[in-house]
Amino acid sequence: GVMQTKNFEQEWERAMEMKNISQVEPSLAKKAIELARVVENGLGARMLEYAMSGSNSEIPAEVVDLIDKKHGLKISSMGPMEVIDLVDSALRITCLGGLKHDKTNNILSLQSKMDRKHPLPWALVLASYFKHAGNDPRIMQPNNKGAQLVHLRLATSIAT
């Protein structure tokens, strides 16, 4: 009984919050859940390793290729606003957070409301997408270490 309780608690911790996307179109919700699984099951760890390496190397555009080819999500063929909606939905599922787009300053702000889940893997997905599309992204994080907030500044505005 104790092992079953422990297994249940572990599965509950890894479960995705679905109520936050109940207003989302079903096809987008399905794709957001698939993308969340991809990021949560290994791709996120690889992207965090890249981010934590401290190197000033360019943001890897091949993350989008990996998502497209290995996982079949084909986000490189989506429009910028579709990808923003997709990542926003995935953030709502995995981090209880969200994404805001400041069109005036070309900044995307990604926030997580969960202490143990950082929005940086999602910022790297977006950065890779925009780099792949020819828009030079820059990831910025606030100085306070506890903040679960990441900004992505784009070189050019997004056509809506």
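A: Start with the labels. Helices are DSSP runs of H or I with at least four residues, strands are runs of E with at least two, and both are numbered from the N terminus. The model is predicted. On this numbering, α5 is followed by Gly134. The phi of Gly134 is positive, near 90°.

Q: How many helices and strands does the protein have, and what pattern do they follow along the sequence?

A: There are 5 helices and 4 strands. Read along the sequence, the pattern is α-α-α-α-β-β-α-β-β.

Q: What share of the residues is buried? And what share of contacts between residues at least 6 apart joins residues at least 24 apart?

A: For burial, the cut-off is under 20% relative accessible area. Of the 160 residues, 40% count as buried. Now the contacts: take those between residues at least 6 apart in sequence, and 58% of them join residues at least 24 apart.

Q: What is the span of α5, and what span is expected?

A: Compare the end-to-end distance with 1.5 Å a residue. From first C-alpha to last, the 13 residues of α5 reach 18 Å, close to the expected 18 Å.

Q: Which residues of α5 are buried?

A: The general idea is about turns. An α-helix has 3.6 residues a turn, so residues three or four places apart point the same way. Here the helix is mostly covered, with 11 of the 13 residues of α5 buried. Among them are Trp122, Leu126 and Phe130. Leu120, Pro121 and Ala123 are also buried.

Q: What is the angle between α3 and α5, and how far apart are their axes?

A: Two numbers describe such a pair. Packed helices are described by the angle between their axes and the distance between the axes. For α3 (residues 62-71) and α5 (residues 120-132), the angle is about 100° and the axes are 7 Å apart. So α3 is roughly perpendicular to α5.

Q: Which residues meet where α3 packs on α5?

A: From α3 come Glu62, Val63, Val64, Asp65 and Ile67. From α5 come Val125, Ser128, Tyr129 and His132. By type, the contact has 5 nonpolar, 2 polar and 2 charged residues.

Q: Now the strands. Is Ser109 buried or exposed?

A: Apply the burial cut-off of under 20%. Ser109 lies in strand β2 (residues 107-111). Its relative accessible area is 18%, so Ser109 is buried. Setting aside neighbours within four places in sequence, Ser109 contacts Gly98, Leu99, Lys100, Leu149, Val150 and His151.

Q: Where is Ser112, and what does it touch?

A: Loops are read the same way. Ser112 is in the loop between β2 and α5. A relative accessible area of 4% makes Ser112 buried. Leaving out residues up to four places away, Ser112 touches Cys95, Gly97, Lys117, Pro119 and Gln148. A polar atom of the Ser112 side chain lies 3.2 Å from the backbone oxygen of Met114. The C-alpha atoms of Ser112 and Arg92, 20 residues apart along the chain, are 8.3 Å apart.

Methods: Residues numbered from 1 in each chain as written. Predicted model: local features only at pLDDT ≥ 70, side-chain atom pairs only at ≥ 80, totals over all residues. Heavy atoms only, no water. Axes fitted to C-alpha atoms, helices over the stretch in contact; angles between N-to-C directions. Parallel < 35°, antiparallel > 145°, perpendicular 65-115°, else oblique. Contact = heavy atoms within 4.5 Å. Nonpolar A, V, L, I, M, F, W, Y, C, P; charged D, E, K, R; others polar. Expected span 1.5 Å × (residues − 1). Buried < 20%, exposed > 50% of the residue type's maximum accessible area, 1.4 Å probe, protein only. Polar contact = N/O pair within 3.5 Å; in protein donor to acceptor, adjacent residues only side chain to side chain.
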